[in-house]
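Please keep the sequence and the structure in view while reading.

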Amino acid sequence: MIRFLLALLVLTALPALAAPPDAAPVERGRYLARVAGCHDCHSPGFAASGGKTPPEQWFTGDRLGFSGPWGTTYPSNLRRAIGLKTLPDWKAYARAAVLRPPMPYWALNAMTDADLEALWHYTRSLGPAGEPAPAALPPGAEAPPPVFRLVLPAAATP
Ligand code: HEC
């Protein structure tokens, strides 16, 4: 009888074991990354190709520099910046992050707990973290191409 009950327990648990436990947050994260525009900068060539970057490269960062009075910044490899953090660390980071242009950090700050959790699960589902994006360059340092350059009117230039 006990054996029978144990077998029954295992059988009823099987469907739960078959489905990955975090499937729903992963799907939600996939949707968010797309509609919130995160891929536009953080997946190489995404905006330039009209969103045709292969999924194997999603969130691996980009070598396209953004230059302006802040220096030159590069869209980070999010598989590292999000995926290698613990979930509590990621949420604390996202709430407080103040980053350089053109990163819309205020969008990150405004995400709900559920959205931040979904992005974390999604990012971790993407595959190996890979290499970091190039390090930012200080103001005035010449950035190699490809680079977006913000040119301000003379009066606004310090
Ligand atoms: C217009 C381009 C752009 C878009 C859109 C964008 N980012 Fe960024 N992001 C950047 C750049 C550039 C940096 C590096 C900023 C710096 O060095 O200060 C960055 C940095 C970050 C960082 C910090 C990474 C680190 O190394 O600590 C996180 C996290 C991040 N972005 C997440 C997101 C998410 C999530 C979205 C979508 C909601 C998004 N970004 C949309 C350009 C962008």
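In this predicted model, a nitrogen atom of the ligand is 2.8 Å from an N or O atom in the side chain of histidine 42. Two further side chains place a polar atom by an oxygen atom of the ligand: that of serine 76, at 3.2 Å, and that of tyrosine 93, at 2.8 Å. The table sets out these contacts.

| Residue | Ligand atom | Distance |
|---|---|---|
| Histidine 42 | nitrogen | 2.8 Å |
| Serine 76 | oxygen | 3.2 Å |
| Tyrosine 93 | oxygen | 2.8 Å |

The ligand takes up the space of the largest pocket. Helix H3 (38–42), helix H4 (78–81) and helix H5 (87–96) are the elements that give two or more residues to the shell around the ligand. The largest share comes from H3, which supplies three residues. In total, 21 residues surround the ligand, and the closest are Cys38, Cys41, His42, Tyr93 and Met103.

Strands of a sheet pair through backbone hydrogen bonds, and the pairing may be parallel or antiparallel. Here, three strands form an open sheet in the order E2-E1-E3, and the pairing is mixed. Strand E2 (71–73) and strand E3 (147–149) are the edge strands, each pairing on one side only. From one strand to the next, the twist averages 25 degrees. Strand E1 (residues 65–68) and E3 run parallel and are joined by three bridges. Phenylalanine 66 stands opposite phenylalanine 148, which belongs to E3.

Some backbone details remain. Most peptide bonds are trans, and most residues other than glycine have a negative phi. Where does the model contain cis peptide bonds? One joins proline 101 and proline 102, with omega about 0 degrees; proline 102 is placed in the loop between H5 and helix H6 (105–109). Another cis bond runs from proline 145 to proline 146, with omega near 0 degrees. Proline 146 lies in the loop between helix H7 (113–124) and E3. Phenylalanine 59 is a residue other than glycine with a positive phi, near 70 degrees. The loop between H3 and E1 holds phenylalanine 59.

How values were computed. Residues are numbered from 1 along each chain as its sequence is written. This is a predicted model: local features need pLDDT of at least 70, side-chain atom pairs count only at pLDDT 80 or more; totals for chains, interfaces and linings use all residues. Side-chain values use heavy atoms; hydrogens and water are left out. A residue is near a molecule or strand if one of its heavy atoms lies within 4 Å of it. A polar contact is a pair of N or O atoms within 3.5 Å; within protein, one must be able to donate a hydrogen and the other to accept it, and residues adjacent in sequence count only if both atoms are side-chain atoms. On a 1 Å grid over the protein atoms alone, a cavity is a set of points where a 1.4 Å probe fits but cannot get out, and a pocket is an open set with protein on both sides within 12 Å along at least five of seven lines; lining residues have an atom within 4 Å of a point. A molecule sits in a cavity or pocket if more than half of its atoms lie within 2 Å of its grid points. Helices (H or I, at least four residues) and strands (E, at least two) are DSSP runs, numbered from the N terminus. Two strands pair if DSSP finds at least two bridges between them. Axes are lines fitted to C-alpha atoms, for helices over the stretch in contact, and angles run from 0 to 180 degrees between N-to-C directions.
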